[in-house]
Amino acid sequence: MNANLVAIFLSRHAGHESKPALIWQGETVCTFGDLPAAIGRYRAALGELGVKRGDRVMVKAENSPAFALTYLAVLASGAIFVPMNPAYTASEVALLVEDADPVLLVHGSATAVPPEGDGLTRATLEADGTGSLTALAARLEPDLAVEAMAETDLAAILFTSGTTGRPKGAMLMHRNLSSNVAALHEAWRFSDTDSILHSLPLFHAHGLFVALHLGLYSAATVHLLGRFDAAKVVSLLPSVSVFMGVPTFYTRLLDRADFDRTATAAIRLFVCGSAPLLPSVFAQFEERTGQRILERYGMTEAVMITSNRYEQDGRIAGTVGYPLPGVELRVVGGTARTELPPGEVGEIEIRGPNLCAGYWRRPEATAEAIGPDGFFVTGDTGFRDASGRVTIAGRSKDLIISGGFNIYPAELEMVLAEVDGVTDVAIIGVPHPDFGEAVVAVVTSDRPDMDPALIAAVATEKLARFKQPKAIRLLEEFPRNAMGKVLKAELRKQFAGLFAA
Ligand code: AMP
């Protein structure tokens with residue numbers, strides 16, 4: 001059997017030929033019947049540009065139907081899809097290009113990319129779906145073949161940063177993606193009567209592997225938006241059955257007076273994840289809509305890991321539910337990393353068909369993350385209750401999640417330490433009413449007249465907007481432990497009220 005995820009999707013569309021697969025700005029882009037040829041045209045375009053099985057194709061573009069079709073065409077070609085946040089700066093992209101070693105870079109012409117001349121083939125894909133790749137695809141006869149892949153062949157590489165600051169590419173196999181979408185289809189009771197309002201970024205696992213995949217696997221229509229827009233979402237909710245978001249989406253929806261029982265009456269499922277959902281937001285949501293948000297826990301390296309139960313009373317605030325079928329989860333502690341009894345907080349480790357093959361060209365990082373018994377150290381801490389229900393307590397990894405986006409302090413610290421006059425930098429996350437957490441740069445300087453605007457200017461030039469500090473604070477000295485390590489917990493306490501609502 002062909003384990004190519006695209007072959008699996010297409011095998012499930014029989015009988016739904018006339019149903020819209022993708023809707024964009026109120027118009028049907030293609031039906032399930034049109035989908036093979038729509039993918040096939042992009043596959044032919046990729047072939048013209050020299051893409052072969054096993055090659056990496058990097059995509060740095062805004063959401064559009066063409067983005068989704070390009071993704072599916074890369075997989076159908078047996079190539080490896082490498083998405084990037086369109087907000088990345090040219091220097092951030094250059095790092096990833098060097099690492100992923102792609103044959104083709106597909107990008108929006110308004111997004112920053114390194115200057116040409118590096119021998120890399122380029123094609124454009126604009127926010128409205130036009131561009132040279134789309135134009136080429138439109139001229140070609142569809143290549144309807146779907147490359148035969150094994151379950152363990154790579155489908156995608158998604159970069160996540162790390163404590164070292166250098167991004168690492170999580171290698172997702174076809175099996176990871178197909179097993180996970182099948183588990184979610186079951187757990188969240190998807191069917192061909194569903195339609196999904198999709199406003200998550202397609203460059204992230206949440207938008208690509210959860211929202212888009214569930215539509216394609218279930219033969220359910222996906223209404224794709226360029227980005228989250230609370231007013232647009234409220235106006236479209238009556239025409240769909242499922243909405244997925246990050247906590248920031250839900251707080252923005254709750255800020256609107258027209259987000260109420262009437263607006264949400266057609267929805268059977270609201271899903272939330274990628275960052276902790278505050279129990280107060282969960283409660284406010286229930287009060288306003290009469291429905292409970294279903295929270296789940298996942299990460300790039302393992303797609304979805306746990307989920308609350310589907311029934312309304314199985315959706316519990318502040319918890320992320322139970323491991324998905326086939327996924328093993330344990331909470332360990334101590335130097336021997338032994339499994340802890342219920343109620344005790346420790347490090348969360350997981351194993352299962354959802355777990356990636358490791359990090360691209362980083363055998364040491366892979367060996368550090370995945371132990372000899374196959375369990376992956378998530379970097380999250382938490383506990384299980386006697387029934388096995390999981391609650392996330394925090395993170396052992398030095399990660400900030402702002403508006404659902406991950407920010408790794410080490411990466412920012414490296415960039416800001418280069419600023420003239422800066423002697424040390426500590427990047428921390430502090431509570432923020434809208435973003436969950438906000439990035440704060442705390443700096444020391446050997447210049448009495450150090451101007452934070454200088455630091456802000458470098459951040460603007462070198463860092464994607466979502467990573468740029470929302471505040472910069474100068475200190476004479478950092479609090480440090482006996483080993484000289486900066487006590488970030490103390491800094492977090494000191495600046496906790498910066499963005500108090
Ligand atoms: P990403 O790789 O961007 O999907 O980020 C994964 C990280 O997001 C996880 O390791 C967690 O730290 C965090 N995360 C995801 N879902 C949740 C959740 N429901 N509650 C708390 N943290 C979450």
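Two strands pair if DSSP finds at least two bridges between them. The model shown in these views is predicted, so local features are limited to pLDDT of at least 70 and side-chain atom pairs to pLDDT 80 or more, while totals for chains, interfaces and linings use all residues. Residues are numbered from 1 along each chain as its sequence is written, and side-chain values use heavy atoms, with hydrogens and water left out.

**View 1. Pairing of strands in an open sheet.** Five-strand pairing is shown here for an open sheet of 5 strands, which has the order β17-β16-β18-β19-β20 and antiparallel pairing. The edges are formed by β17 (338-339) and β20 (390-395), each of which has a single partner strand, so one side of each lacks a neighbour in the sheet. Strands are DSSP runs of E with at least two residues, helices are runs of H or I with at least four, and both are numbered from the N terminus. Strand β16 (residues 328-333) is joined to β18 by 5 bridges, and the two run antiparallel. Strand β18 (residues 346-351) also pairs with strand β19 (residues 376-384), in the antiparallel sense and over 4 bridges. Isoleucine 350 is the bridge partner in β18 of leucine 329, and isoleucine 350 also stands opposite phenylalanine 376 in β19. Glutamate 349 has valine 377 of β19 opposite.

View 2. Leucine 46 belongs to helix α2 (residues 35-48). Leucine 46 has a relative accessibility of 0% and therefore counts as buried (buried is under 20% relative accessible area, exposed over 50% and partly exposed in between, with a 1.4 Å probe and protein chains only). Beyond residues up to four places away in sequence, leucine 46 touches Val51, Thr70, Ala73, Val74, Ser77, Leu104 and Leu133, contact being heavy atoms within 4.5 Å. The C-alpha atoms of leucine 46 and alanine 123 lie 9.7 Å apart in space, although 77 residues separate the two in sequence.

**View 3. Aromatic pairs.** Rings of Phe, Tyr and Trp (its six-membered ring) pair if their centres lie within 6.5 Å; planes under 30 degrees apart are stacked, over 60 edge-to-face and the rest tilted. By this rule there are 14 aromatic pairs. In the pair of phenylalanine 67 and phenylalanine 81, the ring centres are 5.8 Å apart and the planes stand at 75 degrees, so the arrangement is edge-to-face. This pair links distant parts of the chain, 14 residues apart: phenylalanine 67 lies in helix α3 (residues 65-76) and phenylalanine 81 in strand β4 (residues 80-83). Phenylalanine 67 is buried at 0% relative accessibility, and phenylalanine 81 is buried at 0%. Phenylalanine 243 and phenylalanine 249 form a tilted pair, at 6.5 Å centre to centre and 45 degrees between the planes. Phenylalanine 243 is buried with a relative accessible area of 0%, and phenylalanine 249 is buried with 10%. One aromatic cluster consists of Phe228, Phe243, Phe249, Tyr250, Phe259, Phe270 and Phe285.

**View 4. Charged side chains over tyrosine rings.** The charged end of lysine 168 is placed over the ring of tyrosine 359, at 4.5 Å from its centre. Arginine 315 lies over the face of tyrosine 310, 5.0 Å from the ring centre. A charge sits over a ring if NZ of Lys or CZ of Arg is within 6 Å of the ring centre and within 35 degrees of the ring normal.

**View 5. Crossing of helices α3 and α7.** The axes of α3 and helix α7 (residues 205-218) come within 13 Å of each other and cross at roughly 85 degrees. The two helices are therefore roughly perpendicular. The contact involves Phe67, Ala68, Tyr71 and Leu72 of α3, together with Leu208, Phe209, Leu212, His213 and Leu216 of α7. Axes are lines fitted to C-alpha atoms, for helices over the stretch in contact, with angles from 0 to 180 degrees between N-to-C directions; under 35 degrees is roughly parallel, over 145 roughly antiparallel, 65 to 115 roughly perpendicular and the rest oblique.

**View 6. Loop residues.** Histidine 16 is placed in the loop between α1 (5-11) and β1 (20-24), where it is buried with a relative accessible area of 17%. Leaving aside residues up to four places away in sequence, histidine 16 touches Phe32, Gly33, Asp192 and Ala219. Aspartate 101, in the loop between α4 (90-100) and β5 (104-107), has a positive phi near 55 degrees although it is not glycine. Aspartate 101 counts as partly exposed at 38% relative accessibility. Serine 274 has a positive phi near 85 degrees and lies in the loop between β12 (269-272) and α11 (279-289). Serine 274 counts as buried at 18% relative accessibility. Most residues other than glycine have a negative phi.
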